[in-house]
Amino acid sequence: MKVSLVLACAGKGERTGLNKNKLLVSVGGTTCIEKTFSTFYNSLLIDEYIIVCADKDKKEISSLLPTTVKFVCGGDTRTQSIKNALEIVTGDIVLIHDGARPFVCKDTIKDCIDTAEQYGSGIATVISCDTICKTKNGEIDAYLGKSELYNVQTPQAFKTELIKKAYSFVGNNTFNDDGEVFYKYIGKVHLAKGNRNNIKITYKEDLLLLKQAPLCRIGTGFDCHKLVENRKLILGGIEIPHTKGLLGHSDADVLTHAIMDAILSAISLRDIGTHFPDSDTKYKDADSIELLKQVLAMIKEQGYAVYNISAVIMAEKPKLSPYIVEITKNLANIIGIQADAIGIGATTLEGLGFIGREEGICVNASASLIKQSI
Ligand code: CTP
Ligand code: MG
């Protein structure tokens with residue numbers, strides 16, 4: 001028995017708002033189409049691969065897949081795309097699958113094929129766990145219950161001759177899926193075992209699910225400034241009363257500097273020296289909190305937000321514990337996270353070295369960032 005796969009890839013991905021076919025958006029070094037395709041390929045259950053896609057995407061898609069796949073031009077609707085693809089299918093059984101369902105698994109593929117072989121059709125479904133209702137004008141119009149309601153997914157497998165016959169009747173009509181075409185023109189559609197993870201990438205945020213690794217990055221930062229007379233001592237944007245202050249081109253807020261470096265380092269954006277060079281007069285006496293705001297804008301641009309911060313201040317004097325709460329609140333406010341997501345410790349160096357001699361203050365900081373958008 002020969003099995004063909006038709007992979008529907010001819011959509012525009014309009015709901016992602018990305019102006020690009022969602023199947024070709026690279027996330028964490030992969031694309032949706034590669035992930036979807038590889039599951040079928042590795043299953044060793046498929047003999048013929050047919051990709052239905054828009055002409056403009058063909059070159060890019062073919063560069064990602066084996067040379068043995070066949071290409072068919074898509075239509076204006078999914079129904080028309082599948083109709084086009086079915087014309088060149090040569091298998092006894094054809095599996096039709098959305099390129100946008102990258103979490104399909106081998107068990108589901110196999111169950112669809114086996115069910116179609118036995119009954120003529122086998123479509124991936126899962127029972128609905130949520131109550132489903134019909135709505136009208138923002139209100140519930142009717143409860144549909146849940147005990148007999150199923151979510152229909154793909155793959156959907158059919159005896160090729162039957163689904164080809166069904167599609168010969170569709171004309172320019174549009175259907176929800178292939179099972180519906182079969183149901184209208186051939187007869188009963190059989191259920192196969194879908195799986196709950198087999199969701200369809202539809203909106204922009206769904207693309208994040210493609211990432212294999214946790215969407216979290218960690219960075220470290222370190223800074224040191226000299227303690228001198230006639231300078232203010234500023235830590236985390238708060239002025240601390242002391243006989244000396246920190247020397248620097250900017251306001252020398254050593255804590256904020258180490259935190260900024262940790263944030264930048266987490267997503268490989270170099271360090272503050274690169275972005276705010278002390279050779280630039282623009283940063284003379286700069287308010288480091290303003291620079292921190294710029295760093296936050298840079299990571300936001302890359303779709304990241306700070307998740308938490310941890311830092312330790314190494315200073316012999318003054319005693320910092322009375323100021324830690326105020327410093328923490330100020331930084332939390334600027335960064336836009338809860339105060340309990342910032343942990344700041346302070347330690348002396350027991351009189352040892354330049355810190356012990358009160359010649360300078362150092363800070364070591366770590367930051368974790370989470371990916372929030374593409
Ligand atoms: N599809 C297709 N031909 C079309 C429309 C859709 O082959 N004319 C494919 C899509 O590429 C996708 C699958 O059918 O893999 C399911 O469609 P959908 O999730 O609606 O994707 P898009 O149509 O791309 O997205 P949107 O509706 O947001 O534009
Ligand atoms: Mg669509």
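A: The model is a predicted one. Its largest nonpolar core has 49 residues, and those with the most contacts inside it are Leu 235, Leu 255, Ile 263 and Leu 331. Two or more residues each come from helix 7 (254-266), helix 9 (288-301), helix 10 (324-335), strand 14 (304-314), strand 15 (342-347) and strand 16 (360-371). Helix 7 is the greatest contributor, giving nine residues to this core.

Leu 235 can be followed residue by residue. Leaving aside residues up to four places away in sequence, Leu 235 touches Ile 240, Leu 246, Asp 253, Val 254, Leu 255, Ile 313, Leu 320 and Ile 327. Apart from this core lies another, of 34 residues, which includes Cys 9, Leu 23, Val 25 and Ala 124. In soluble globular proteins, nonpolar side chains tend to be buried together.

As for the setting, the protein has eleven helices and 16 strands. Its radius of gyration is 30 Å, well over the 21 Å that the globule rule gives for 374 residues, so the protein is more spread out than a compact globule. The C-alpha trace spans about 90 × 50 × 35 Å along its principal axes. Of the 374 residues, 47% are buried. Among contacts with a separation of 6 or more, 71% are between residues 24 or more positions apart. Carbon and sulfur atoms account for 49% of the accessible surface, which comes to about 19100 Å².

Conventions. Residues are numbered from 1 along each chain as its sequence is written. Chains are lettered from A and ligands numbered from 1 in the order in which they are written. This is a predicted model: local features need pLDDT of at least 70, side-chain atom pairs count only at pLDDT 80 or more; totals for chains, interfaces and linings use all residues. Side-chain values use heavy atoms; hydrogens and water are left out. Helices (H or I, at least four residues) and strands (E, at least two) are DSSP runs, numbered from the N terminus. The radius of gyration is taken over C-alpha atoms; the globule rule is 2.2 Å times the number of residues to the power 0.38. Buried means under 20% relative accessible area, exposed over 50%, partly exposed in between (1.4 Å probe, protein chains only). Contact means heavy atoms within 4.5 Å. Accessible areas come from the Shrake-Rupley method with a 1.4 Å probe; for residues, only the protein chains shown count as cover. A nonpolar core is a set of buried Ala, Val, Leu, Ile, Met, Phe, Trp, Tyr and Cys residues joined through side-chain atoms within 4.5 Å.
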